[in-house]
Amino acid sequence: MTAMTKEEMAAMPVEFKLNGKPVVANGNETIIQTAKRYGVEIPHLCYKEGLRPDGNCRACVVEVKGERVLAASCCRTPASGMEVTTDNARAVASQKMVLELLLSDMPEERHTLASELDQWAAKLKLGKPRFAPRHQPTADLSHFGIAVNLDSCIQCTRCVRACREEQVNDVIGYAFRGEHSKIVFDFDDSMGDSSCVACGECVQACPTGALMPARGVGLVKPDKQVHSVCPFCGVGCQLTYNIKDNKILSVDGRDGPSNHGRLCVKGRYGFDYVHHKQRLTKPLIRKAGAPKHVDFTMDPDYPLEHFREATWEEALDLVAGGLRTIRDNHGKKALCGFGSAKGTSEEAYLFQKLVRVGFGNNNVDHCTRLCHASSVAALIEGVSSAAVSNQVSDVMHAEVIFLIGANPTSNHPVAATWIKNAVKNGAKLIYADPRRGDLARHATHYLQFKADTDVALLNAMMHTIVHEGLVDKKFIKSRTLGYEELRKNVEGYSPEAMAPICGIPAETIKEVARIYAKSKGSMILWGMGISQHIHGTDNARCLIALCMMTGQIGRPGCGLHPLRGQNNVQGASDSGLIPMVFPDYQRVDNAAARTRFEKLWGATLDPKPGLTVVEIMDAVHEGNIRGMYIMGENPAMSDPDAHHAREALAKLDCLVVQEIFLTETCYYADIILPATAWPEKDGTVTNTDRMVQLGRQALTAPGEAKPDLWIIQEIARRLGLDWNYEGAKDVFNEMRRAMPSIAGITWERLEQESCVTYPCEKEGDPGQSVVFIDKFPTPTGRAQFVPADIIPADERPDREFPFVLITGRQLEHWHTGAMTRRASVLDAIEPEATAQVHPLDLDAIGAKPGDVISVASRRGIVSLYARADDGTPRGAVFIPFCFYEAAANLLTNAALDPVGKIPEFKYCAVKLMKGGELTPRSSYGGGQAMAALEVE
Amino acid sequence: MKKPGNGSTPGKKGGARKAKSPINGSPRGAGLRLDPAVARWLAGAGAAFPSSQSSMIPMLQSAQAALGYLPRDAMQAIARHLLVPPALVEGVASFYAQFRFNAPGRHRVTVCSGTACYVRGSGKLMDDIKADLKIVPGGTTSDGAVSLESVSCFGACALAPVVVVDDKVLRQQTSASMKKVIQDISAGPSKGKARGTRSTSAVRGARK
């Protein structure tokens with residue numbers, strides 16, 4: 001028998017006595033944790049489950065027999081045979097004294113109704129404190145989302161640990177000395193001026209209300225709490241709404257498997273959009289004679305200038321009539337539908353079923369086309385599965401994390417916290433991205449390679465791995481096909497030859513290749529920087545090959561993880577909102593699959609794959625498509641070469657838009673159907689980790705706004721389909737029959753557990769968090785290597801357009817901004833469009849940070865404020881695409897990846913000029929008004 | 001609240017707006033333009049420090065020796081050089097009495113408040129100097145001439161009450177004698193090169 005390691009010894013159960021009774025502590029449990037499990041309460045303030053115990057407040061002291069002084073039970077682990085007393089006179093006197101001293105400093109008027117200090121004081125029956133209060137700092141109300149009232153601060157440092165150790169945003173510190181010591185933000189800045197990203201973790205950690213949601217939210221008692229999921233990014237954080245009078249007061253992080261209570265600024269402060277005055281509440285029909293051309297805009301405050309209100313009956317009849325007329329006169333192929341990755345999977349499923357069965361074609365797509373279509377194409381080709389192999393939190397088990405073409409601190413903020421935690425635990429982070437995101441600060445190796453040279457970099461890494469004999473021969477032999485072709489192909493890509501192309505020294509390329517290949521577990525995560533190129537599929541093929549040749553897959557802490565963007569892009573794709581596949585990625589041109597769905601749906605289905613997002617816009621221009629039904633998408637903002645896309649929208653005979661706001665796409669609509677926002681309905685969404693999670697209705701919808709499922713069904717009925725779904729559960733049950741991967745998930749289980757990971761093929765199956773353990777779901781069970789060569793971007797910089805435009809998102813705003821720009825806190829923090837430019841490039845055009853600059857491509861021009869950012873590489877400009885008044889997509893190039901059909905959002909040629917005319921309207925109201933108020 | 005024109009979005013269309021400073025594009029002041037003096041220090045002495053947290057105090061001392069105090073830019077540069085949170089640099093620097101965050105005056109007046117000096121009237125002496133200079137210990141006069149400090153003991157108790165002006169120890173001072181000393185140094189030339197002209201109200205921690 002081998003001797004136990006120190007860790008194993010520490011993990012052994014420990015028997016000791018608690019208040020005279022024998023108890024057993026598990027593993028590394030502290031006294032307070034054991035006591036809690038046995039139902040013994042010990043007062044505590046600086047201790048919070050999930051945070052590192054700090055032992056600074058001493059409210060949790062207990063007596064240990066034979067010891068001279070009392071022990072802090074939050075950081076003391078019991079020893080075998082120890083006799084601990086929590087409730088004798090000596091311990092209680094000490095606990096009460098600590099609480100009384102802290103209580104004496106509390107302000108007369110509290111900032112929260114739920115102060116843990118007050119709760120403990122009440123439990124221990126403390127009266128009015130005997131001591132005089134100390135001098136108290138003044139309030140800091142400089143932040144739009146968070147109020148800082150340090151008069152309530154007890155310096156327990158829970159906020160410091162939440163900020164620095166949990167979220168690793170590194171803003172809050174503990175400064176000064178003695179009686180002057182206090183919590184500070186950065187260099188003792190006001191919170192609003194600090195580098196705070198407003199994740200709100202400190203607010204959630206604060207026990208006394210010193211940090212609270214702004215505007216007195218803590219002093220209102222919610223009348224109900226509803227558990228749900230965040231509607232923003234693909235991380236899928238679980239949360240709890242606090243609701244009063246059908247309004248969301250505040251949001252708390254909930255202990256879900258992907259977030260464990262953490263949230264980001266959007267998830268915590270981005271919800272009042274649902275109460276915005278511009279919500280659509282009645283069906284609208286375009287007035288006869290209202291203009292409809294590409295440059296037409298309108299004021300979302302006054303929809304009735306160009307539309308008239310209608311009853312649901314009239315609007316739905318008009319929709320069905322319009323679509324039917326086109327189908328009868330121009331054929332089935334003249335219709336199409338855009339679903340949305342922001343809706344539920346049930347909505348996506350029903351929407352694609354409506355298009356395939358009701359319209360009679362496969363022209364149904366959604367924004368997956370614009371984000372990970374190329375990754376999906378490469379993954380389907382390589383491993384026959386488009387989902388991630390390992391979940392984000394698996395980075396905690398990885399030895400090496402290779403992150404490329406992603407900026408998770410902005411786009412997947414909570415996923416980024418796991419990466420930062422993993423690095424703090426000793427994992428190596430190799431971060432490759434032309435734009436230096438905040439994670440570079442944590443990276444062991446940061447590679448700022450030249451934009452558009454992903455294939456060069458990755459092939460050079462593979463070249464090193466082949467040449468230095470670091471391939472996993474056994475894995476290649478038993479689990480893959482086509483290695484020989486790949487090996488021959490990477491032969492031509494030596495690091496020395498690729499170094500000048502990608503701008504990374506050959507030695508660095510070799511070093512990271514070795515680190516990746518040699519580790520026990522290397523996990524690859526990637527984002528849109530990989531996928532949104534005309535060679536996006538090739539980029540992803542290289543990542544898959546890199547992973548396969550080293551056998552870094554099929555175990556915890558390794559594998560492939562394309563970070564999905566939208567909250568439900570995985571679910572919407574799984575549900576078949578894709579033109580070439582039915583639900584669960586069954587190809588429409590596969591006769592067996594088609595027969596199966598024809599039987600299930602009782603209809604004849606089109607065997608020809610439909611058109612993709614950008615192809616549909618082209619088909620409209622050519623006159624082949626005349627009617628479009630859009631549910632929750634905003635192609636007027638999100639499509640590349642937006643002018644071209646808007647022209648197409650204006651040209652349609654019949655455009656039906658189902659929305660919650662009058663979006664830029666609605667400007668071209670013939671009929672607008674008011675739908676429900678995420679907190680107003682039930683349904684499931686699937687996050688980037690393949691977790692199917694249940695969103696629960698928390699609010700009633702405003703006015704006559706209707707659930708999306710109801711609207712789809714009403715249109716279907718008017719197109720002659722006999723549908724009778726009673727709600728999301730009904731649709732979900734049909735989906736289970738259509739999709740083997742979720743067949744084992746019952747609605748009841750979702751209601752109980754809120755989250756089930758798929759594949760979950762049989763009821764009771766726990767769900768598989770790691771897949772491809774011993775085989776791939778391909779016909780041969782093996783993964784396919786696909787070599788890739790360098791293909792340059794479609795539009796390279798030249799003398800006239802010397803800069804590269806990179807588009808993307810920013811932390812505070814979601815996608816086209818329809819929701820977040822109407823969320824007051826988010827709008828107040830980031831109210832207007834900015835372009836990020838390297839300070840030296842700004843110098844070169846004679847502009848200063850804050851000046852107005854213009855950015856022009858061959859397709860359009862926008863003017864916006866310049867922001868200096870030395871993380872943006874020289875010769876490039878970054879513009880987030882959520883601002884209508886300076887829409888980045890007026891500039892982008894619609895050139896497509898030939899396989900994934902994804903446009904090249906990450907690269908086109910532009911020129912920069914100082915000056916320009918700003919578009920006057922720049923907000924939907926809310927945050928800016930608040931910002932103006934606070935300035936005065 | 002950022003002032004318009006100073007990084008914040010210029011113009012006042014639709015009322016003053018507080019945009020997140022366009023300079024602050026990415027956290028940690030990416031795109032920050034350092035004060036030239038700080039940049040010179042960073043390129044010279046500063047660059048010699050290894051990028052590890054244990055360099056923090058020596059680096060703060062080096063910056064203060066070169067610059068006379070710790071301007072914000074220097075603290076920011078140190079945080080970036082050591083790859084540590086700005087708040088951690090703040091925490092360490094503000095803990096130690098040796099670090100100052102305001103530009104020092106041209107002359108430094110240090111009054112002893114140790115036991116012997118106190119018994120011999122340094123309390124009143126300090127009060128009178130404060131009233132005379134219209135500042136509190138830790139502060140600098142508005143003309144940048146004099147900084148006032150208090151210290152616990154000089155180890156020259158036989159000379160109590162002791163005041164040290166620049167590098168000169170003055171014995172058995174009175175309010176009247178100090179008034180004259182201060183008049184002289186305020187009017188006279190600098191003892192050396194002036195180190196900036198910023199002044200503050202000298203409240204602890206106030207330095208913006």
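Contact, as used throughout this tour, means heavy atoms within 4.5 Å. The model is predicted: local features need pLDDT of at least 70, side-chain atom pairs count only at pLDDT 80 or more, and totals for chains, interfaces and linings use all residues. Residues are numbered from 1 along each chain as its sequence is written, chains are lettered from A and ligands numbered from 1 in the order in which they are written, and side-chain values use heavy atoms, with hydrogens and water left out.

**Stop 1: helix 26 of chain A**

Select residues 708–718 of chain A, which form helix 26; helices (H or I, at least four residues) and strands (E, at least two) are DSSP runs, numbered from the N terminus. Because nine of its 11 residues are buried, helix 26 of chain A is largely enclosed by the rest of the structure. Buried means under 20% relative accessible area, exposed over 50% and partly exposed in between (1.4 Å probe, protein chains only). The buried set includes A:Asp708, A:Gln713, A:Glu714 and A:Arg718, as well as A:Ile711, A:Ile712 and A:Ile715.

Next, display the partners of these buried residues: helix 8 (312–330), helix 9 (345–359), strand 25 (627–631), strand 26 (654–659), strand 27 (671–674) and helix 27 (728–738), each in chain A. Just after helix 26, A:Gly720 takes a positive phi of about 95°.

**Stop 2: the nonpolar cores**

A nonpolar core is a set of buried Ala, Val, Leu, Ile, Met, Phe, Trp, Tyr and Cys residues joined through side-chain atoms within 4.5 Å. Select A:Tyr241, A:Leu354 and A:Ile715, the residues with the most contacts inside the largest core, which has 109 residues. Helix 9 of chain A gives the most to this core, with eight residues. Another core, of 63 residues, lies apart from it and includes A:Phe803 and A:Cys882.

**Stop 3: helices 3 and 4 of chain B**

Chain B contains seven helices and four strands, and 45% of its 208 residues count as buried. Select helix 3 (residues 72–82) and helix 4 (residues 86–95) of chain B, which pack at an angle of about 120°, with their axes 9 Å apart. Here B:Met75, B:Ile78 and B:Ala79 of helix 3 meet B:Pro86, B:Val89, B:Glu90 and B:Ala93 of helix 4.

Finally, keep helix 4 of chain B selected: eight of its 10 residues are buried, so this helix is largely enclosed by the rest of the structure. Its cover includes helix 5 (158–166), strand 7 (172–175) and strand 8 (182–185) of chain A, together with helix 2 (56–67) and helix 3 of chain B.

Notes. Axes fitted to C-alpha atoms, helices over the stretch in contact; angles between N-to-C directions.
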